Amino acid sequence: MPVVTMIGGGQLARMTHQAAIALGQTLRVLAGSVDEPAAQVSPDVVLGSHDDLDALRRAATGAHALTFDHEGVPTRHLEVLQREGVAVLPPPQALIYAQDKIAMRKRLGELGAPMPKFAEITSVEDARAALDTLGDPYVLKAARGGYDGRGVVLLDDPEQAHRVAAEYLADGVPIMIEERVAMRRELAALVARSTFGQGAAWPVVQTVQRDGICVEVLAPAPDLDEDTAAAAQQLGLRLAAELGVVGVLAVELFETVDGEILVNELAMRPHNSGHWTMDGSVTSQFEQHLRAVLDYPLGDTSARAPLVVMANVLGAAQTPQMSVDERVHHLFARMPDAKVHLYGKGERAGRKLGHVNLVAKPGEALDVVRERANRAAHWLSHAQWTDGYDEHEHNEHGTDN
Ligand SMILES: Nc1ncnc2c1ncn2[C@@H]1O[C@H](COP(=O)(O)OP(=O)(O)OP(=O)(O)O)[C@@H](O)[C@H]1O
Ligand SMILES: [Mg+2]
């Protein structure tokens, strides 16, 4: 069977390995340590850093494709591997647009994709001029290395923006400033493209962010009109083709208060907005990513139900006394339809520890499914029911869902 190497041993690699198993494969992972989420479960672990060319070479030896669970690998290393004959997928020439937000904005501009007004800031003088043309409020972003909202600063007035830009520049961090979009909500168009150029798009979803972190995904995006949804899918497929992406591409989108769709940023790997597909779509994003990089025909992306909700399990401020095992036990007693995905990570405040998927029951209302999914996720991290339910008052086998 083919061997796919994934650089990074986080939860995305862990869940890709899970999909690899069903295809008769074992995912090889390059991980920093044996206790990373994917290194715990794959027997084919190469220990080393994604910054180290020799480690990357060791991980790539004999692999049919080399792919990623994060955007941190230096382009120059990937270009060397490519010259040495490694199938780097997505190729570094495409991946750069998921690594560098300034490069991404410039390229999307050339491709005519709708996006917020932005300005690359290389000097304090630039900042002045940019702030005038953009109009407040603003968003300042580090071009590289941000995730879960890190490296993103919301700014209200030109003085504050100027000061913060000067601080970043003094630290030598390349930055850009964007108009802060007045948005109705955030959406994501998740697509996949194979080496051969086959494309597939999942239903467009709504993503809910809190403090810059994705907390919930609604699939499909509720009340999104059909034309807008189809246009967002087409945009995703077009960007994947034009940029030469191979694998899964997540296009993070803003729906403005006027109903316009703007591109926020790109991710070229399985993405949090696609975790619902594990239980809610005929083909999960993890299996699809493998199919794409191995040039297998892509799988059916239809949803299995009219509504699926994913809620992230984010570490509580205070780790509960109750063990995770016991929390899972109680959750299953109360909600037999909750599909739990835990990443094997230590508990820490705000950390993504897992997620829960709920496939709506026939006729179940959106609000009800959302509430149940969030309640389940909150329980798993906090050992507290958001509705004050007391499991000791209920029979072991009595369920309430
Ligand atoms: N131009 C903007 N206008 C309004 N809000 C924005 C803008 N850009 C970013 N945001 C908000 O900040 C969040 C994080 O921004 P972005 O996705 O660029 O950062 P990131 O840290 O690289 O992302 P991720 O968490 O997806 O890795 C967005 O999901 C959105 O809520
Ligand atoms: Mg983002």
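Mentor: Gladly, and we can start with the elements: helices are DSSP runs of H or I with at least four residues, strands are DSSP runs of E with at least two, and both are numbered from the N terminus. P220, for instance, lies in the loop between β12 and α8. Residues are numbered from 1 along each chain as its sequence is written, with chains lettered from A and ligands numbered from 1 in the order written. This is a predicted model, where local features need pLDDT of at least 70, side-chain atom pairs count only at pLDDT 80 or more and totals for chains, interfaces and linings use all residues, while side-chain values use heavy atoms, leaving out hydrogens and water.

Trainee: What makes the bond between A219 and P220 stand out?

Mentor: The peptide bond joining A219 and P220 is cis, with omega about -5 degrees. Most peptide bonds are trans. A cis bond also joins D136 and P137, again with omega about -5 degrees. P137 sits in the loop between α6 (124–134) and β6 (138–142).

Trainee: How do you know which protein atoms are donors of the magnesium ion, ligand 2?

Mentor: Donors are N, O and S atoms within 2.8 Å of the metal (3.2 Å for Na, K and Ca), and sites may look incomplete because water is not among the atoms. E252 and E265 each supply an OE donor, lying 2.1 Å from the magnesium ion, so they meet that limit. This pair links distant parts of the chain: E252 belongs to strand β13 (residues 247–256) and E265 to strand β14 (residues 261–267), 13 residues apart.

Trainee: Why is E252 called buried?

Mentor: Its relative accessible area is 17%. Buried means under 20%, exposed over 50% and partly exposed in between (1.4 Å probe, protein chains only), so E252 counts as buried.

Trainee: What about P90, buried or exposed?

Mentor: P90 has a relative accessible area of 0%, so it is buried. P90 is found in the loop between α3 (75–83) and α4 (92–99). Contact means heavy atoms within 4.5 Å; leaving aside neighbours within four places in sequence, P90 is in contact with T67, F68, L95, V246 and M268. P90 and R193 are 103 residues apart in sequence, yet 9.6 Å apart in space, C-alpha to C-alpha.

Trainee: What makes a set of residues a nonpolar core?

Mentor: Its members are buried Ala, Val, Leu, Ile, Met, Phe, Trp, Tyr and Cys residues joined through side-chain atoms within 4.5 Å. The largest has 47 residues, and L66, L239, L249, L253, L266 and M268 touch the most other members. Helix α8 (residues 226–243) gives the most to this core, with 6 residues. A second, separate core of 23 residues includes V309, A311, L331 and A360.

Trainee: Which residues is L239 in contact with, beyond its neighbours within four places in sequence?

Mentor: L239 is in contact with L108, L111, A113, L249, V251 and L266.
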